[in-house]
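Colleague: Hey, can you walk me through this one? I'd like to ask a few quick things as we look at it.

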Amino acid sequence: MTEAPKPLLLPDGRPAAHAWTLDPALRHLNHGSFGAVPLAAQQAQQRLREQMDRAPVVWFPALPKRVAAARAEVAAFLRVPAHDLALVPNASAGASVVFGNLPHRPGGEVLVTDHGYGAVTMGAERLARRWGGQVRTAHVPLHATAAEATAAILAEVTDRTALIVLDHITSATARWLPVEQIGRAAREAGIPLLIDGAHVPGLAEDPLAGLEFDVWVGNLHKFGCAPRGASALVVRSELRDRLYPLIDSWGAQEPFPERFDTQGTIDVTGYLAAPTALDFVERTWGWPTARDYLTALADHAELIIGAAFAELTGGSAAVDVGMPVNALRLVRLPEGLARTRLEADALRDRVAAELGVEAAFTSFGGAGYFRLSTHVYNTAADYEYFAEHCVPVLVDWARRARA
Ligand SMILES: Cc1ncc(COP(=O)(O)O)c(C=O)c1O
């Protein structure tokens with residue numbers, strides 16, 4: 001059994017969770033879906049909103065400069081040049097920017113994997129329909145190594161492939177995909193590559209180092225803990241000249257990325273407060289220490305929850321995930337639970353309502369999984385609670401579902 005890591009504390013000795021405003025009556029085991037914003041960043045955003053509402057006519061014209069400054073800080077965090085990075089509201093928006101701006105390719109195919117984020121894959125399908133082509137789906141076994149996953153994906157490339165959409169970290173299956181290998185192959189073949197890195201910012205120190213891609217998008221409002229509506233769109237090819245933001249606005253005649261800095265009259269305080277969230281973790285613990293903690297805690301959580309299921313079902317709940325992620329893990333649910341995405345979502349809602357636990361359940365290939373997340377405000381007690389109080393109930397619900 002792994003040792004539970006010692007909880008992270010604030011400089012004044014209080015538990016890390018005191019820097020967040022999460023409801024203490026609930027257990028929060030699903031940072032990955034929607035993030036959680038530390039109070040320092042909430043307050044920074046609130047102060048910005050107050051400035052906006054005190055003098056809107058001063059606020060809005062000055063925004064592009066402020067957005068550019070925030071963009072530079074985000075770029076430094078991701079270790080990419082500021083002129084390669086635009087801010088967009090979320091990963092979905094980043095994907096939509098690509099789908100909406102690629103040159104028309106009659107009969108073109110979009111290559112995705114069966115691990116792709118459903119909402120993004122639907123966008124890919126619409127693009128393929130507009131082109132009069134189709135989506136091709138590469139089937140990547142959950143346990144596939146980097147080499148096996150690369151082979152499975154490249155096997156679906158045809159001479160009609162006009163875009164590859166690849167998750168950097170997958171959502172339902174909590175694994176990395178071999179973006180390095182696919183990036184090299186795509187570049188050689190001249191096929192544009194969109195990497196959906198929604199979960200990545202905060203989880204890797206230098207996540208884009210050495211990668212070849214056209215566009216990469218990553219959410220700052222997941223593991224980066226930024227206020228929602230803050231994502232980085234990084235472009236590493238001449239596609240930069242074709243990409244326009246979702247909202248046509250006064251920046252349209254500017255080059256990339258400046259043209260993304262103006263989006264009409266919208267609230268961009270999430271962008272402006274994002275650096276406060278990134279800095280908060282850095283100043284309080286340092287991101288490397290935070291990542292070590294998330295990893296150790298996830299190791300522990302995966303083991304104790306897997307063991308709790310195994311004890312009651314008699315079967316193993318361990319999941320063989322190729323290229324596993326540090327702060328997102330899968331534990332196999334007993335048969336009968338979360339067989340589809342809709343069932344998984346319904347289970348999430350039922351567990352929150354009846355068991356007081358915010359959790360993520362996912363479905364892949366007809367099997368259901370508990371996808372646990374860790375962040376600095378979590379402690380071993382959160383997962384011990386789940387193992388002790390939720391696992392027996394889930395085993396019971398599964399038995400009833402099968403009956
Ligand atoms: C891989 C992936 N892509 C896209 C998204 C969508 O992110 P957003 O809702 O911020 O657009 C998510 C969200 O979980 C995701 O995991």
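Colleague: Let's start with helix α10: what should its 27 residues span, and how far apart are its end C-alpha atoms?

Modeller: Keep in mind that this is a predicted model. Helix α10 covers residues 287-313, and at 1.5 Å a residue it should span 39 Å. Its end C-alpha atoms are 38 Å apart, so the two values agree.

Colleague: Which residue follows α10, and what is its phi like?

Modeller: That's G314, and its phi is positive, near 80°.

Colleague: Okay, zooming out. What domains does the chain get?

Modeller: The domain assignment gives two entries: domain 1, which is 16-38 + 285-402, and domain 2, which is 41-280. Their centres, taken over C-alpha atoms, are separated by 27 Å.

Colleague: And how many residues does each domain put into the contact?

Modeller: Domain 1 gives 27 residues and domain 2 gives 27 residues. On the domain 1 side, α1 (31-34), α10, β9 and β11 (360-364) each supply at least two residues.

Colleague: How does that domain 1 side divide into nonpolar, polar and charged?

Modeller: There are 14 nonpolar, 8 polar and 5 charged residues on the side of domain 1 that touches domain 2.

Colleague: Now the inside. Which residues touch the most other members of the largest nonpolar core?

Modeller: Those are L87, L233, A274 and I305, out of 126 residues in that core. Helix α10 turns up again here, with the largest share of the core at 10 residues. Both domains take part too: the core draws at least three residues from each of domain 1 and domain 2.

Colleague: Let me pick one of those. What is L233 in contact with, leaving aside neighbours within four places in sequence?

Modeller: L233 is in contact with L85, A86, V88, G94, V97, V215 and V217.

Colleague: What about Y271: buried or exposed?

Modeller: Y271 is found in helix α9. It counts as buried because 31 other C-beta atoms lie within 10 Å, and the cut-off for buried is 20 or more. Leaving aside neighbours within four places in sequence, Y271 is in contact with V67, A70, L87 and A230.

Colleague: Switching topic: which residues surround the ligand?

Modeller: The ligand is surrounded by S33, N90, A91, S92, Y117, V120, D167, S171, D196, A198, H199 and N219. By class, that shell has 4 nonpolar, 6 polar and 2 charged residues.

Colleague: Last one: where does A338 lie, and is it buried or exposed?

Modeller: A338 lies in the loop between β9 and α11 (341-355). Its phi is near 55°, a positive value in a residue other than glycine. A338 is buried, since it has 28 other C-beta atoms within 10 Å.

Conventions
Residues numbered from 1 in each chain as written. Predicted model: local features only at pLDDT ≥ 70, side-chain atom pairs only at ≥ 80, totals over all residues. Helix = DSSP H or I, 4+ residues; strand = E, 2+ residues; numbered from the N terminus. Expected span 1.5 Å × (residues − 1). Near = placed C-beta within 6 Å. Nonpolar A, V, L, I, M, F, W, Y, C, P; charged D, E, K, R; others polar. Buried ≥ 20, exposed ≤ 12 C-beta atoms within 10 Å, placed from the backbone. Core = buried A, V, L, I, M, F, W, Y, C linked by C-beta atoms within 7 Å. Domains from an automatic or database assignment. Contact = placed C-beta atoms within 7 Å.
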